[in-house]
Each structure stands twice: as structure tokens, then as C-alpha cells.
Amino acid sequence: MGWLLLLTILLPLLGFVLLGLFGKRMKEPLPGVIASGLVLASLVLGAVLLAGGGAQWAIPDWLPGIAFSLNLDHLSGLMLLIVTGVGFLIHVYAIGYMHADAGFSRFFAYLNLFIAMMLTLVLADNYVVMFIGWEGVGLASYLLIGFWYQDRVNADSARKAFIVNRIGDLGFLLGMGLLWAMFGTLGISEINAKLEENLFIPAGLGLAAFLLFAGAVGKSAQVPLMVWLPDAMAGPTPVSALIHAATMVTAGVYLLARSSFLYINVPEVSLWIAILGLLTAIYGALSAFGQQDIKRIVAYSTLSQLGFMFVAAGMGAYWIALFHVLTHAFFKALLFMASGSVIHALGGEQDIRKMGGMWRYLPQTRWHALVGALALGGFPLLSGFWSKDAILYSTLFYSVNSSVVFYVLLLATAFLTAMYSMRWFVTVFLGQYRGHEHPHESPKVMLFPNHLLALGAVFIGFIGLPEPFPNLLEGFLAPNLAHLEYEKPSLTLEWTLVLISALVALAGLYLGYRFFQQKVMPTWYARFAQASEHSFYVDQVYNTFLVNPLKSLGSLLFDGDKGLLGGFGWLGTLTAGIGSLLARLETGYIRFYAAGLLIGAVLLLIWGVTR
Amino acid sequence: MNLADITLFLPLLAGIALVVWPGLGRAFALVASGGVFVLALAMFLLHPKEGIAYLTQAPLLGPAGIYYAVGLDNAGMFLWLAVTLTVFLGVWMAPAPLRMVGYALMMETGLLGIFASLDLVLFYVFFEFTLIPALLMLGLYGGRERMQALYTFALFTLVGSLPMLAAILAARFLGGAESFLIGDLQNHPLKGVAASWVFLGFFFALAVKTPLFPLHAWLPGFHQQNHPSGLADAMGTLYKVGIFAFFRWAMPIAPEGFQGLQPLLLTLAAFTAIYAAWAAWGAKDWKNLLAYGGISHMGLAAIGLFSGTAEGAVGALFLLGASFIYTGGMFLFVGLLFERTGTMEIGPVRGLAKSAPALAALGMILVMSMIGLPGLAGFPGEFMALLGAYKASPWLTFIAFLSIIAAAAYALTAYQKVFHESENRAVPDLTPREWGFAVGVVAAIALLGLYPKLFTQLLQPLAKAFAALFGGAA
């Protein structure tokens with residue numbers, strides 16, 4: 001039965017190969033239908049296997065001592081459902097969004113490649129296998145960001161994403177090197193089992209955890225490697241939804257959760273995870289305010305929300321981090337695809353200054369956008385509210401790393417989140433239309449997936465309610481996550497906190513709603529917005545102090561290497577001498593020269609052995 | 001005489017025939033190189049997968065202890081497959097003059113001999129013989145400054161070889177072996193100062209052919225000046241046999257000599273890897289880029305091998321064989337580009353993906369394999385080398401593998417400038433013949449990347465025995 005698990009990966013991979021080779025000869029929408037169908041098949045197959053109690057499959061000694069092993073348990077099962085479920089909806093949406101694009105079939109080939117690689121990543125039971133998926137999704141992301149490659153900006157963004165991710169990947173690789181040296185295996189279950197039995201807590205564990213975390217920082221666009229994600233919006237909108245919001249960027253969180261048995265033993269590394277997560281959450285939120293591109297606002301909110309997840313992981317609250325992965329997948333995919341519908345309605349316009357008033361023109365998309373924005377802002381009872389509240393709760397009670405500092409700063413960030421999500425909504429949907437297009441609502445094939453996502457964005461949070469309500473998700477994930485004992489607060493305190501986060505979110509939403517309807521912004525805000533629009537100049541700093549010097553050094557080394565030959569001074573002289581001697585020989589005689597070499601060598605040899 | 005001997009000398013005879021009567025035509029060359037590949041494939045399938053198969057041993061210079069001893073263990077068999085496939089693809093693909101193809105075939109015999117020799121002197125003969133057709137190709141069909149490149153190449157090789165020759169003689173006579181046969185030599189490993197000197201003697205010749213900094217300096221000029229079809233470059237790539245020779249000869253014969261120098265060797269390998277990758281970022285044309293990229297990869301293989309671990313050795317050998325195929329394939333691919341655009345430069349002609357999507361896809365696969373994307377041929381070797389190297393020196397491993405970031409930078413930048421951005425020239429897409437090449441090289445890359453077990457399980461026992469020489473736990 002195990003091979004069926006492999007099939008969940010092979011189906012979309014087959015789609016990639018098939019569409020890559022023959023897609024051009026197919027008529028629209030056939031490639032889209034095939035691709036969507038294969039993802040749906042993977043979803044069904046995965047769900048059936050999960051319901052049947054999971055599955056394992058392996059090729060032992062795929063590399064010496066390293067098995068190509070897959071494992072479908074509750075943790076990977078949850079991710080599989082997100083990847084194929086949300087992925088399927090996005091595939092369907094793309095059939096409409098990519099209509100009449102010259103690269104229609106190529107697009108779906110890449111999307112299927114992405115799904116296959118993402119499934120490899122989540123189903124892996126060996127760090128190397130995970131790394132295959134890890135870089136595989138990086139490739140798919142590279143191909144999709146640069147999908148419209150004729151535009152230099154898109155090609156540059158794609159390349160940037162790949163290279164920045166590679167920096168993190170080096171950490172992942174070295175982490176594996178250290179784990180291998182310590183444990184003699186890279187099997188995830190095996191390492192977890194050894195750690196869980198507490199038989200073996202090697203000294204280097206903290207370093208290994210830190211190195212793997214470096215990989216997560218790259219993939220999940222955490223400070224300081226966050227610079228690639230906003231640029232990744234150069235790809236078509238379904239890509240932003242699928243890869244750069246719902247699935248791939250949460251791979252870092254998944255890596256931490258998958259390795260929870262490791263991280264639970266190294267709270268000092270976990271503290272760093274939380275700190276970087278907090279910084280990312282704040283940075284993303286502040287940068288979202290000044291963006292003028294409808295998708296870049298959502299992109300920075302993704303950065304920020306990923307930071308929230310990392311804070312939870314740093315607290316040891318792994319199920320909560322995954323809870324936010326789940327709710328975020330719904331409302332963020334919804335936000336992106338609602339943005340896509342707006343872009344679609346306006347003939348490709350992405351600048352929010354040329355939008356406004358869409359409430360009148362887009363009678364269905366407006367509800368999608370509203371639900372998405374409210375869920376992101378943490379409107380009470382919507383999905384984002386419950387998972388964000390759980391994260392705030394974890395910063396106070398969960399582990400040695402919990403502290404009021406995290407709580408207060410994260411609560412403030414949640415307030416900012418509510419404000420900028422209202423800015424997004426108000427600027428695009430309210431007021432007067434400021435452009436010159438003729439907005440029209442999207443076709444059904446694009447609206448239908450958004451209906452389902454909107455349902456999820458509203459209701460999915462109810463599987464992870466605080467006590468005394470039943471918590472389905474925590475129990476579901478418990479067998480596959482490291483368990484942390486902690487002192488639970490009283491119900492009164494817990495619900496007071498719930499109330500506080502509800503009030504903060506409502507206040508943020510209301511203030512945002514009012515503030516961004518003003519015609520003229522106060523000067524302090526305008527100054528802030530300008531810095532925010534440039535994302536506080538991080539890119540410029542990196543380019544000036546890092547990228548350009550490194551690039552110049554490359555040229556210098558290249559030119560210097562040419563001079564290296566001159567460095568072999570004696571050799572140079574010799575070369576010149578022989579060169580002038582041989583200069584009189586015609587090139588035809590080169591054969592004699594070469595033959596001379598052999599004869600000389602043989603003579604030397606004979607002299608050597610017979611002397 | 002057995003299948004190995006036939007396969008070994010068939011390309012030489014075919015090559016000579018082709019040089020003498022180019023009228024035999026391309027079909028002849030194809031049948032010869034294809035036949036050699038098929039023979040190697042058959043040998044692989046029939047190979048018992050342990051010990052040395054297809055052994056022929058006969059005294060060549062009996063009193064001197066020199067034998068014609070040829071046979072294939074798993075490592076030799078793996079590299080034979082890689083070499084014969086790459087040569088076949090080169091002959092299939094490259095628009096090279098027929099005489100030049102003849103020299104390439106002659107060179108194939110030398111290469112196969114290097115990997116199959118079980119006698120050190122015989123190894124040396126093949127090692128030096130291979131130089132002749134390489135020089136002929138460069139000298140007869142190279143670019144404007146070929147003579148400069150040729151002298152440099154010849155001098156590096158020959159000057160490097162002299163200490164090796166001395167080391168070869170010393171290895172036997174100082175160690176007290178009865179012959180130059182590998183078994184005899186390994187039973188009399190050198191001790192003390194003698195081991196250091198002998199290893200050092202080997203080192204110069206093999207560092208030139210690995211190549212390791214600073215003895216790589218001949219390579220960029222060699223590629224730069226060679227025929228634009230890429231055939232000679234692919235053959236030159238196959239000639240980078242240093243890693244293998246360290247593994248087969250230098251390190252087992254003088255383990256103490258290696259161990260004395262190990263920190264230095266690891267440092268050198270790490271530096272080569274990052275230095276060359278960085279320099280490749282500054283390259284402005286494909287041949288230089290691939291030359292430096294190739295050097296960088298060999299630095300990674302070397303740090304794996306010099307770790308003295310089983311993982312590292314498996315990684316190094318796997319990476320060597322895989323890089324034969326993808327670097328060789330990349331040079332041939334660049335030949336395709338040159339045929340269409342008339343330039344090796346990166347930049348003047350852009351946006352080729354629009355008019356030639358299949359060509360662009362092939363390029364993408366080759367480039368991704370080159371930068372070690374998991375699932376393709378470059379990754380298993382790099383990764384195993386990393387696992388081994390990490391055990392020997394985490395810091396040097398970190399420095400060496402910084403090159404994978406640089407690799408992404410140089411490879412993707414070059415790819416973008418040729419295939420992406422706004423189109424300024426339309427070129428024809430793959431012809432049926434080129435499709436044949438594409439299918440062959442992609443199949444090999446995918447097989448190596450997706451199911452490395454096929455070969456790593458064969459290399460592993462050899463690597464364990466190798467690591468045991470240095471007290472490394474298997």
C-alpha cells in the first residue's frame with residue numbers, strides 16, 4: 001500500500017512532464033483541467049490514506065545510509081490537505097486567470113511541478129528527502145516568478161528569490177552534515193525517537209538546530225533573508241497565492257514543527273526563532289502600510305504573519321504555529337485571489353492609487369475581499385482571530401521563552417495588522433473609482449474557488465478553539481509533535497485575554513477604516529509612509545554593502561585569475577622561450593611535438609626501470 | 001583478451017582510421033563511439049558488481065615488473081559508463097571536423113585506460129598518452145590564441161608529470177613491492193618521509209588534472225581556445241581525472257603522506273571551490289564560466305575525498321562521474337548556442353526562450369544539474385562529499401559550500417541573460433538530432449539524480465575500504 005503514497009507525488013509530477021512535453025499542442029483549457037484533476041486525485045488519495053491511518057514508503061539506502069523515505073502521519077497529513085486542497089482551488093482559479101496567455105500550458109506544468117515538490121517536502125521522513133522538495137519548490141518558485149520572463153524585472157526577481165533561498169539552504173545542508181556526524185542517520189523519525197527517549201542529547205544539538213533554522217529563515221522569508229518575498233509578486237497572481245502565501249513559505253514553519261523533538265531540547269535556539277519571528281512580524285506590518293501595489297501589501301502581510309508563526313514555534317507551541325499556517329492558507333490565498341480578480345477586472349492594473357470604488361463594480365469579489373481582510377485583521381470569530389489569539393496566548397504561558405515583552409509587541413503588531421488590512425480594503429473597494437478602465441466581475445471559474453476559500457476563512461478557526469471548548473486540531477497533531485508541559489492559566493484569565501485581543505482587533509479595524517478614508521494624510525504619516533514604501537531601504541543597504549562588493553570581487557577574481565598565469569613567472573618565461581623556438585614550425589608539425597612527448601615519456605620510463 | 005580490452009582499444013583504432021581516412025564519414029564515428037558505449041553498458045550489466053572483473057594481466061616488461069594489467073572494479077565501471085556516454089553524446093552532437101572526432105576517439109582510449117589500469121606504469125602511459133590527442137585537437141582546431149593555451153596546457157601537464165614519474169618509481173622501489181601492480185603496491189604502503197615525498201610527487205601531476213588552485217591556471221585558456229563545437233571541451237572535462245587518481249593510487253600507496261598533508265589539502269580544496277565559483281561570477285562568456293564552474297565542482301569533490309571518509313569518497317567519485325556528463329553536456333550545449341548565435345559571449349543575444357523553448361528547457365536542466373539541484377545528477381555527489389567533509393572540518397566545509405550560493409548566482413545570471421529578458425534574436429529550436437542528444441543527456445542526469453542508489457551502492461564498499469586505510473570508521 002505504501003507505493004500509493006508515492007503516487008500522490010507522482011501524479012502531479014506526471015502532469016508536469018506531460019504538460020511540459022505536449023502541453024503546447026493541447027487546446028485551452030485542457031492543460032488546466034488535467035493539472036487540476038491530477039492535484040484533486042492527489043488530494044483524494046492522500047485523504048483516503050490519511051483516513052486509513054497514514055502510510056509509509058521507503059527506498060532503503062537511496063544514498064549510502066540514507067533512505068528515500070516518506071511518511072504520512074497527522075502532521076504531514078495536515079500539510080498534505082492544505083497543499084492539495086488549497087492548491088486545487090488555486091489551480092481552478094488559474095484556468096480563468098491565465099486565460100489566453102501564450103504560456104497557458106507551461107504555467108500549469110510549473111504549478112504541477114510545484115505541488116509534486118511540495119508534497120515531497122511535507123511527506124519526507126528524511127531530511128535529505130525534505131531537502132529535495134525544499135529546493136524543488138525553490139525551482140518551481142523560480143520558474144513561476146519569472147513566468148513572464150521577457151520582462152527583465154520579473155527575471156531579476158526570480159533569480160533573486162532563488163539565490164537568497166540558497167543562502168538559507170546552505171544552513172540546511174550544513175545542519176544535515178552535523179546531524180549526520182552526531183546521529184549517523186538523517187531519518188527524521190529515527191532522530192526524533194532517539195531524542196524523545198532522551199538517550200542522547202549531544203552537545204552540538206543547538207548548532208544543528210540553528211543551522212536548520214537558517215534554512216527555514218530563507219524559505220519562510222524571515223529577517224534578515226526576507227528581501228526576496230515582496231519581489232516574488234512579479235509572478236502571476238495564482239502563484240502568489242499558492243506559493244508565496246499558502247504553502248511554500250510556510251515550509252520553514254513545517255520544518256520546525258517536524259523537528260520539534262529537536263527544538264524542544266534547545267530553548268536558547270528557540271528564543272532566537274521567536275525573536276527573529278517578532279522582528280519579521282513588526283517589519284512586515286510596518287512595510288505594508290506604504291505599499292502602493294495591491295499585491296505587495298498582501299505580500300508584506302504574509303511576511304508579517306509568517307513572523308507570528310515563528311514566534312509560536314519559538315515558544316514551543318508547534319500546534320499553534322500550524323494552526324496559523326492553516327487559517328493563513330485560507331484567508332491569504334483568498335486575499336491574493338481577490339486581488340487577482342481586481343487586477344483582472346482592471347485589465348492588469350496593480351496600483352491601488354488607480355483603484356477605489358470596487359464595491360460597486362465587483363458584487364462578489366467585494367465579499368471575498370472583505371472576509372479576507374477581516375480574517376487577516378483578526379475580526380472576532382473569523383479564522384484568523386482564533387489562531388492569532390492562540391499565538392498571543394503562547395507568548396505568555398507556553399514555555400521558558402514566554403514573556404510579556406513578546407505579548408505586548410505582538411499585540412501591537414496585531415493592531416497594526418488590523419489597520420493596514422483596512423487600508424487595503426478601503427483604498428481598493430471604497431470611495432470613488434480613480435482609474436479609466438471598465439471594471440467587470442470575474443468569470444465563475446475564478447469566483448467559485450474564492451467562495452470555498454471564504455468559507456474556510458470564516459469557519460476553519462473553529463477546529464482550534466480555546467478551553468473549555470473542544471480543540472480538534474491540537475489533539476489531532478499531538479502524536480507527531482513534541483509535547484511541552486506548562487501551567488495553564490485560569491479560564492477567567494484566558495478569556496480576558498481573548499476579549500483583549502478581540503477589542504484590539506476591532507479598534508484597529510475601526511481606526512483603519514476611518515483613518516484611510518481621509519482625503520489628506522497628516523504629515524507624520526506621510527513621512528512614515530514614504531519610508532515604508534521603500535521597505536525601510538533594506539534592499540538598498542544590502543545592495544550597497546553586500547551584493548555589489550561581492551559582485552565586484554567576482555570580477556576582480558576573474559580578471560586576477562587571468563593574471564595568475566603571469567604569476568608563474570618561470571613558467572611564463574619558459575613558455576615564451578619555447579614559443580619563440582616553435583614559432584617557426586608550422587602548425588602541422590604539432591603532431592610531431594606531441595609524439596615527441598610520448599617518446600620522451602617512454603624513454604624516461606625505460607631509463608627508470610632498467611637502470 | 002576480453003570485452004574490456006576490446007572496448008579499451010576499439011576507439012583508438014577507430015580514431016586512427018578516421019584520422020587517416022576522414023572519408024569514412026560521420027556514420028562511422030557514430031557507430032564506433034555508440035558501439036563503445038553499448039559495450040560498456042553490456043559490461044556493466046554483466047559485471048558481478050564486486051571485486052575486479054574483466055581482468056587481463058600479462059607481463060609487458062617482465063623483469064621491470066611492469067604489466068599490462070587491465071580490469072574494472074565498480075568505480076572503474078561507473079566511470080567507464082560516464083566516459084563512453086559522454087564521448088558518444090559528443091560525437092553525436094558536435095559539429096566538429098571529422099579528423100577532430102578521430103582525435104577525440106583516440107583520446108577516449110587513453111581515458112578508459114586511466115580508469116582501468118591496474119598497473120601503475122600502465123596508468124602513467126595512458127595518463128600521458130591522453131595528452132597527445134588533447135594537444136592535437138587544441139593545436140589543430142583551436143582559436144586564434146591556441147598556441148599560447150597549448151604551451152601552457154602542455155607545460156603544466158608535463159612539468160607536473162615529472163615528479164609523478166619519480167614518485168611512481170619511488171613508490172615501488174622504496175616500498176619494496178615486486179611489481180607495479182596495484183595489489184603489490186598496496187601491500188607495501190610507504191612509511192615516513194618516503195610516503196610524504198611520494199605523495200607530494202603524485203600531488204603535482206594530479207593537482208593539475210583535478211584541478212586544484214593554483215595549478216588550475218591552464219584550464220580556462222584551454223577551454224577558451226578550443227573548438228567552439230564543445231567536443232574538445234567535453235573531452236577535456238573527462239580528462240580531469242585527478243580525483244580518481246588520488247583515490248586509486250596516490251592516497252592508498254602513501255596513506256601516511258596524505259595524512260601529513262591532509263589539513264593543507266582540505267584547505268586547498270575548499271579554497272578552490274569558493275575561489276573558482278566566485279571567479280565564474282565574473283566570467284563574461286560561456287567557456288570561461290563553465291571552466292571555472294567545473295573547477296569549483298572539483299574542489300567540492302576534492303574536499304570530500306580528502307576527508308578520508310567513506311561518505312566523502314563516494315561523493316567524490318559520484319560527483320566526478322556525474323560532472324563528466326553534465327559539464328561535458330553543458331559544453332556541447334554551448335556548442336549548440338554558438339552554432340545559432342555565433343558567439344560564446346553572455347549578453348549580446350537575449351531572450352532565446354521565446355523562439356526556442358525546448359532549447360531553453362534543455363539549458364535549464366543542465367544548469368540546474370550543474371548547480372546541484374536535488375533530483376538531478378549534481379546533487380548526490382555534492383551532498384555525500386559534504387557529509388564526509390563535515391566530519392573532517394566543519395569550517396572548511398562551510399567555506400567550500402559557500403560556492404553553492406555563488407553557483408546559483410553565476411549560473412542563473414548567465415542563463416537569464418541568454419534565455420530570458422526581451423528577445424533580440426530568434427533562433428531555430430532543437431533539430432531531431434539535437435533532440436536525440438537532449439533525451440540522452442537528460443535521461444542520464446535524471447537517472448543519476450533520482451536513483452543514485454544504482455551507483456552509490458556499488459561505490460560504497462570501495463569507499464569503505466578506502467576510508468579504512470586512514471583509520472576512518474566506515
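**Exercise 1.** Describe the secondary structure of chain A in this predicted model, and determine how its radius of gyration relates to the globule rule.

*Solution.* Step 1: chain A contains 26 helices and two strands. Step 2: for 611 residues the globule rule gives 25 Å, and the radius of gyration of chain A is 28 Å, close to that value, so chain A is as compact as a globular protein of that length. Step 3: the C-alpha trace of chain A extends over about 100 × 65 × 50 Å along its principal axes. Step 4: 55% of the 611 residues of chain A count as buried. Step 5: taking contacts in chain A between residues at least 6 apart in sequence, 82% link residues at least 24 apart.

**Exercise 2.** Characterise the side of chain A that touches chain B by its elements and residue classes.

*Solution.* Step 1: chain A contributes 57 residues to the contact, and chain B contributes 63 residues. Step 2: on chain A, the elements that each supply at least two residues are β1 (55-63), α5 (127-145), α6 (152-183), α24 (538-567), α25 (569-582) and α26 (590-610). Step 3: α6(A) provides the largest share, 14 residues. Step 4: by class, this side of chain A comprises 37 nonpolar, eleven polar and nine charged residues.

Note on methods:
Residues are numbered from 1 along each chain as its sequence is written. Chains are lettered from A and ligands numbered from 1 in the order in which they are written. This is a predicted model: local features need pLDDT of at least 70, side-chain atom pairs count only at pLDDT 80 or more; totals for chains, interfaces and linings use all residues. Helices (H or I, at least four residues) and strands (E, at least two) are DSSP runs, numbered from the N terminus. The radius of gyration is taken over C-alpha atoms; the globule rule is 2.2 Å times the number of residues to the power 0.38. A residue is buried if 20 or more other C-beta atoms lie within 10 Å of its own, exposed if 12 or fewer, and partly exposed in between; C-beta atoms are placed from the backbone. Two residues are in contact if their C-beta atoms, placed from the backbone, lie within 7 Å. Ala, Val, Leu, Ile, Met, Phe, Trp, Tyr, Cys and Pro count as nonpolar, Asp, Glu, Lys and Arg as charged, and the others, Gly among them, as polar.
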